[in-house]
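Welcome! Have a look at the structure below, and then we will walk through some of its features together.

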Amino acid sequence: MDLMNQERLTSRRGFLKACATGAAVLRATKGTALLNALQQAAVPSKSKVVIARDTALRGSGSTLDSSRVQSLLDRAMQALFDLDHPLDPWKKLVYPGQKVGIKVNALGGRGLSSDVQLVAAICQRLEEAGIRAGDIVIWDRENDELEHVGFRVSTDGNRVRCFGTDTLGYEQDLVTYGTVGSQLSRILTRNCDVLINVPVLKDHDGAGVSIALKNMYGVIHNPNKYHPNGCNPYVADVNMLPEIRTKTRLHICDTTTACYEGGPGFKPEFSWKYNGLIVSQDPVALDYTGWQIIERKRAENKLKTLEAEKRAPQYIATAADAQHRLGTNDPKRIAVVEV
Amino acid sequence: MSRLAIRGESRDSYQGMPSGMPKAPQNQGAFRRRVAAFDFYHGLPGINRLSTEGHRTGQVKAAARMKSCVCALLLIAACIGSAGCKHGSVTEAAFFPAANEVAGWAKTSATRTFAAADLWKYIDGGAEKYLKAGVQSASTSDYKFQDKLEAVADIYSMASADGAREILESEPAGDAKTPPLGDSARLHRQSLVFRQGPRVVQIVAYQEFPEAQQALLDLGRGIEKRLPR
């Protein structure tokens with residue numbers, strides 16, 4: 001969760017704590033109606049999720065038009081931060097001297113991975129916002145996976161770097177939260193002050209969907225341990241690991257091509273060109289919104305809901321619960337903005 | 001990217017890279033117990049399994065000696081590729097047609113094979129479905145058709161024909177055609193999947209191409225001929 005949200009939470013906690021004493025008195029005096037009103041007043045503001053689409057994103061062919069991808073990204077970011085200039089959102093997120101990691105998703109292979117042009121557009125804006133090229137690292141688990149989907153692996157400190165965790169390895173120490181205990185990628189722990197998460201919108205055979213929260217499985221050394229029970233509560237617990245939680249500032253979900261069935265691998269017969277991005281600082285709200293998009297596409301294709309198939313993404317609710325508070329899955333508290 | 005286990009190192013990280021075992025012996029036992037609680041067993045039996053009783057010095061030394069012997073054998077056998085993935089054994093590699101064996105198709109990568117326990121390294125959470133259906137191994141290779149179409153061919157070897165049927169039928173057929181191929185087949189616009197005996201073959205094309213379906217079918221037939229009945 002980013003620093004802005006943490007500050008809001010702290011002030012809300014402080015407010016509620018101050019009310020607690022009064023609450024005890026109110027309960028004693030059967031003033032529950034007033035207590036309920038006070039708690040309502042402490043409900044946080046809505047989480048914004050921006051969906052940006054461009055029907056002409058691929059021009060007349062099937063490959064993405066890089067200038068249109070840049071425009072799409074700018075539009076999404078400006079809407080998310082409510083700012084007018086394309087660089088302004090990035091200047092709010094990062095400042096010169098910071099190391100920025102871009103965690104992509106290359107596991108789906110070609111056809112269903114974070115698009116190289118989208119990532120290039122992100123890097124462009126980061127550099128323009130003052131981040132040195134060598135302080136930007138695009139990464140995922142393995143060099144082979146990155147190269148297979150079109151990234152060029154490079155550790156040259158004079159340019160944007162791109163490599164897998166297999167280059168640096170994992171930290172020696174286990175970090176734990178709830179049901180998970182894992183070693184973290186040294187790319188996150190030693191090469192990132194800020195993490196930008198660039199997942200893909202896809203169906204997942206076990207978890208139901210795999211979007212922002214589940215992309216963090218690529219940060220740990222043992223994701224295979226955390227697939228039982230629909231990846232629940234593991235996905236939420238992984239995202240609570242301190243360095244993941246504190247460093248992640250933004251989620252840009254690549255929905256240029258998305259998958260509604262048969263994931264997490266690429267199944268062209270169950271994929272479609274959504275030609276969009278979903279951007280948010282609330283990964284739970286983003287995942288919830290992405291899930292609804294997938295369900296609508298499934299319905300269009302006369303497929304059962306994920307709930308009917310007994311693989312609804314339960315991990316989303318877990319991520320929003322009182323023990324995690326990674327964001328909200330309450331549609332009344334999610335403001336979806338389409339641009 | 002593989003690293004063979006050498007004396008004193010742990011292969012508990014999935015890449016086979018050293019996980020940073022503390023050098024001081026008095027700290028190693030606690031480390032082993034912590035990692036073993038969360039780690040997945042990799043590697044060869046009897047070599048890399050971390051023991052939660054590692055604080056018993058005599059057993060640790062004997063295990064280390066055994067590791068050295070087996071690792072020496074491994075060096076002789078020359079393991080290639082990333083941990084958990086090896087270039088196809090003679091059997092699996094033989095399933096994939098060579099370059100130009102099927103008209104228009106060139107094989108553009110070496111065959112990689114994943115044991116069941118390591119399948120997640122290739123298809124992540126998608127492995128669960130295959131494991132439940134009894135997968136024993138999976139092999140994959142890349143292909144290219146006339147410089148116009150790139151594709152990947154995966155062959156999953158299941159424990160039984162029932163397992164192969166379970167996999168094929170696990171996904172909706174949609175508007176797939178059902179060409180006469182293997183025991184049962186589905187042909188979509190950009191992909192082909194069929195089963196023959198205990199094997200499931202999936203070929204996925206990355207581009208849309210007018211003649212893609214025929215090209216995929218041709219490659220599928222080329223693989224079918226090589227599969228044992």
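In chain A, the residues A:S66, A:V69, A:Q70 and A:L73 of α3(A) meet A:Q117, A:L118, A:A121, A:I122 and A:Q124 of α5(A). Two residues are in contact when their C-beta atoms, placed from the backbone, lie within 7 Å. Helices (H or I, at least four residues) and strands (E, at least two) are DSSP runs, numbered from the N terminus.

Please keep in mind that this is a predicted model, in which local features need pLDDT of at least 70 and side-chain atom pairs count only at pLDDT 80 or more, while totals for chains, interfaces and linings use all residues. Residues are numbered from 1 along each chain as its sequence is written, and chains are lettered from A and ligands numbered from 1 in the order in which they are written.

- The residues of this contact between α3(A) and α5(A) divide into five nonpolar, four polar and no charged. Here Ala, Val, Leu, Ile, Met, Phe, Trp, Tyr, Cys and Pro count as nonpolar, Asp, Glu, Lys and Arg as charged, and the others, Gly among them, as polar.
- The axes of α3(A) and α5(A), the latter spanning residues 116–128, come within 9 Å and cross at roughly 60°. That angle makes α3(A) oblique to α5(A).
- Axes are lines fitted to C-alpha atoms, for helices over the stretch in contact, and angles run from 0 to 180 degrees between N-to-C directions. Angles under 35 degrees count as roughly parallel, over 145 as roughly antiparallel, 65 to 115 as roughly perpendicular and the rest as oblique.
- The crossing of α3(A) and α5(A) is right-handed, a term used if the near helix is turned clockwise from the far one by less than a right angle, with anticlockwise being left-handed.

**Chain A as a whole**

- Chain A has twelve helices and 13 strands.
- Of its 339 residues, 52% count as buried. A residue is buried if 20 or more other C-beta atoms lie within 10 Å of its own, exposed if 12 or fewer, and partly exposed in between.
- Among contacts in chain A between residues at least 6 apart in sequence, 71% join residues at least 24 apart.

- Most residues other than glycine have a negative phi, and most peptide bonds are trans.
- A:D82 has a positive phi, near 60°, and lies in the loop between α3 (66–81) and α4 (88–93) of chain A. A:D82 counts as exposed because 10 C-beta neighbours lie inside 10 Å.
- A:N275 also has a positive phi, near 55°, and sits in the loop between β11 and β12 (276–280) of chain A. With 20 C-beta neighbours inside 10 Å, A:N275 counts as buried.
- The peptide bond from A:N232 to A:P233 is cis, with omega near 5°; A:P233 is in the loop between β9 (208–210) and α9 (234–240) of chain A.
- Another cis peptide bond joins A:G263 and A:P264, with omega about 15°.

**A buried cysteine**

- A:C192 is in the loop between α8 (186–191) and β7 (194–197) of chain A, and its 24 C-beta neighbours inside 10 Å make it count as buried.
- Leaving aside its neighbours within four places in sequence, A:C192 is in contact with A:K99, A:V100, A:G101, A:I187 and A:K247.

**A hairpin in chain B**

- Strands β6 (184–187) and β7 (191–196) of chain B pair in the antiparallel sense over four bridges; strands pair if DSSP finds at least two bridges between them.
- β6(B) and β7(B) form a hairpin with three residues between them, and B:R186 stands opposite B:V193 in β7(B).
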